[in-house]
Amino acid sequence: MLTNKQIRFVLDTMAEMYPDAWCELKHENPFELVIAVALSAQCTDQLVNKVTDALFKKYKTPEDYLAVPLEELEQDIKSIGLYRNKAKNIQKLSQRIKENFNGEVPRTHEELESLAGVGRKTANVVMSVAFGEPAIAVDTHVERVSKRLGIARWKDSPLEVEKTLMKKVPKDEWSDTHHRMIFFGRYHCKARHPQCDTCPLLDLCREGQKRLRKKEREHANKSS
């Protein structure tokens, strides 16, 4: 596990690499962000943005999503994985926002997680991006980077990773760290082909060192 000094180096390095990292899901208000994040489960932000480009022109309010048959909404998001389930959730969360929150996206974790299809990760994203509250949303990139670098343990659940990061990262850096870790995982420390050989964090990353040693052995075996 990394020391506090090493974690500080990680945070500073990611800040240098991705100073302007931010939410890549296109949206103009908290309601659009809720819809976009709900659509993004097991799907790339690029595909979500492609779909919401047309979706957000057609639907502006919770009432708009409730005014069409479910089948029509399904067709509007059909290119996204799990589109049937996501269409149902969008109509359910629209209904709840309309009836329980006067048409406005709620601003607390508990209320956000009462919406269909909104889990802790989605609630954290909305709290952070839409309302400026300090939060660390642990998606697949944040979880992978935290475990590879040794900030969190391999056996930790996403919630345990979140709690570890909240403890080890200064609160005023939570939101920036969340976005920088996503960028680092999405564009550098990728799931299948991490760029370990050019990584500025290699000296303190046991996982990266292990991968490079394995690659060197394989190269040596091929050469012999």
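**Exercise 1.** Does Arg186 count as buried or exposed, and what is its relative accessibility? Then find its salt-bridge partner in this predicted model.

*Solution.* Start with the cut-off: buried means under 20% relative accessible area. Arg186 has 18% relative accessibility, so Arg186 counts as buried. Next, look at the side chain: Arg186 meets Glu24 in a salt bridge, at 2.4 Å from N to O. Now place both residues: Glu24 sits in the loop between α1 (4-17) and α2 (30-39), while Arg186 belongs to helix α11 (residues 174-187), so the pair ties together parts that are 162 residues apart in sequence. Finally, check Glu24, which is partly exposed with a relative accessible area of 26%.

**Exercise 2.** Work out which helices the salt bridge between Glu162 and Arg120 links.

*Solution.* First take the distance: the two side chains meet at 2.7 Å, N to O. Then locate the ends: Glu162 is in helix α10 (residues 158-168) and Arg120 in helix α8 (residues 120-130), 42 residues apart.

**Exercise 3.** Find which residues gather in a patch of positive charge on the surface, and where Lys78 lies.

*Solution.* Begin with the members: Lys78, Arg84, Lys88 and Lys92 form the patch. Then zoom in on Lys78, found in the loop between α5 (70-76) and α6 (83-100). To finish, apply the patch cut-off of over 30% relative accessible area: Lys78 is partly exposed, with a relative accessible area of 43%.

Conventions. Residues numbered from 1 in each chain as written. Predicted model: local features only at pLDDT ≥ 70, side-chain atom pairs only at ≥ 80, totals over all residues. Heavy atoms only, no water. Patch = residues over 30% accessible without salt bridge, like charges linked within 9 Å, V, L, I, M, F, W, Y side chains within 5 Å. Areas by Shrake-Rupley, 256 points an atom, 1.4 Å probe, with all protein chains shown as cover. Salt bridge = Lys/Arg side-chain N within 4 Å of Asp/Glu carboxyl O. Lys, Arg positive; Asp, Glu negative; His and termini not counted. Charge placed at Lys NZ, Arg CZ, Asp CG, Glu CD. Helix = DSSP H or I, 4+ residues; strand = E, 2+ residues; numbered from the N terminus. Buried < 20%, exposed > 50% of the residue type's maximum accessible area, 1.4 Å probe, protein only.
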